[in-house]
Amino acid sequence: MTLDRAYYLLAAFYSLMVMIGVIALLSGGGTLLAPVHLLLGALAVVGLWGYILKRRFMNPRMWRPLAGVLAVGILVQLIIMLTTPLSSVLLTWMLTSSIFSVMLVIMLYRYGDRDQPLWASDEERTAARQLDVLLNDNSPITAIKRDGMRENSVKVSKSNEGYKASVTRRSQQGQERFEERFQYPETLVFFLEKFTSVTVNDFRSASIVESNRTS
């Protein structure tokens, strides 16, 4: 059995568990917390399928907190199993669910990593390809964005370890410098546009000006 097939079987198993939970809830079974558990389970299954299919679902910022909630649930179950006398059936069920949930927590945590091409929009993918071409021709490259009294200066470089953005912000209140590293150019483009307002066209324009100066 290949790893991909094992992932599909795992996702199918969790999907089946959610369906069984829905049927049981509609039949009048379960506790007062059953709808909450069912909702968390359904969200986790959506994230699991997204991780396996490499598709984006919802917002990447929600999946790591959800993984944290599931991890806390596993810990609580383990404490209950160690401190409370349980029947063999209930003990087996809680132990099995905890084991399966550990893998689910790991996958959701990885799925929530924003530094992945799957979270990029079509525009960001196009801009990432253009930025990669510029960096392959000349690295590092620099662009400056001015907005009134504010100025953002960004230097971007590419290496075997990935991409690095060095940002300098200047305003009347002072100057701020920081660096960020990324594995993929799509995430770099997202960061630049969101936090510095610098686009690929700004780097292209700066490169043209620099070429005209040196020619």
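**Entry 1: a salt-bridge network.** I began with R146, E151 and R170, which are linked in a network of salt bridges. The model I am reading is a predicted one. R170 sits in strand β3 (residues 162-171) and E151 in strand β2, so I noted a link between distant parts of the chain, 19 residues apart.

**Entry 2: other salt bridges.** How many salt bridges does the count come to? I find six. One of them joins D132 to K158, with 3.2 Å between the closest N and O atoms. D132 belongs to helix α5 (residues 122-137) and K158 to strand β2 (residues 150-159), so this pair ties together parts that are 26 residues apart in sequence. D132 counts as buried, at 18% relative accessibility, while K158 is partly exposed, with a relative accessible area of 32%.

I also looked at D202 and K145, a salt bridge in which the closest N and O atoms are 3.7 Å apart. Here helix α7 (residues 200-214) holds D202 and strand β1 (residues 141-147) holds K145; the two residues are 57 residues apart. K145 is partly exposed, its relative accessible area being 30%.

**Entry 3: a charge without a partner.** Next I looked up E186, which is in helix α6 (residues 185-195). Is E186 buried or exposed? I find E186 buried, yet without a salt bridge. The nearest side chain of opposite charge is that of R125, 5.6 Å away. A salt bridge needs the nitrogen within 4 Å of a carboxyl oxygen. Leaving aside neighbours within four places in sequence, I list P117, A120, E124, R125 and A128 as the contacts of E186.

**Entry 4: the annotated spans.** I turned to the UniProt record, an unreviewed entry, which places "transmembrane region" at residues 7-26, 32-53, 65-84 and 90-109. I checked two of these spans in the model. Residues 65-84 are 95% helix and 0% strand, with the end C-alpha atoms 28 Å apart. Residues 90-109 are 100% helix and 0% strand, and their end C-alpha atoms lie 28 Å apart.

**Entry 5: a nonpolar patch.** Last, I looked at the surface. Which residues form a nonpolar patch there? I find L16, M19 and I20, with about 300 Å² of accessible area together. L16 is in helix α1 (residues 3-26). L16 is partly exposed, with a relative accessible area of 46%.

Key
Residues numbered from 1 in each chain as written. Predicted model: local features only at pLDDT ≥ 70, side-chain atom pairs only at ≥ 80, totals over all residues. Heavy atoms only, no water. Helix = DSSP H or I, 4+ residues; strand = E, 2+ residues; numbered from the N terminus. Buried < 20%, exposed > 50% of the residue type's maximum accessible area, 1.4 Å probe, protein only. Lys, Arg positive; Asp, Glu negative; His and termini not counted. Contact = heavy atoms within 4.5 Å. Patch = residues over 30% accessible without salt bridge, like charges linked within 9 Å, V, L, I, M, F, W, Y side chains within 5 Å. Areas by Shrake-Rupley, 256 points an atom, 1.4 Å probe, with all protein chains shown as cover. UniProt positions renumbered as here; feature names shortened; annotations may be inferred.
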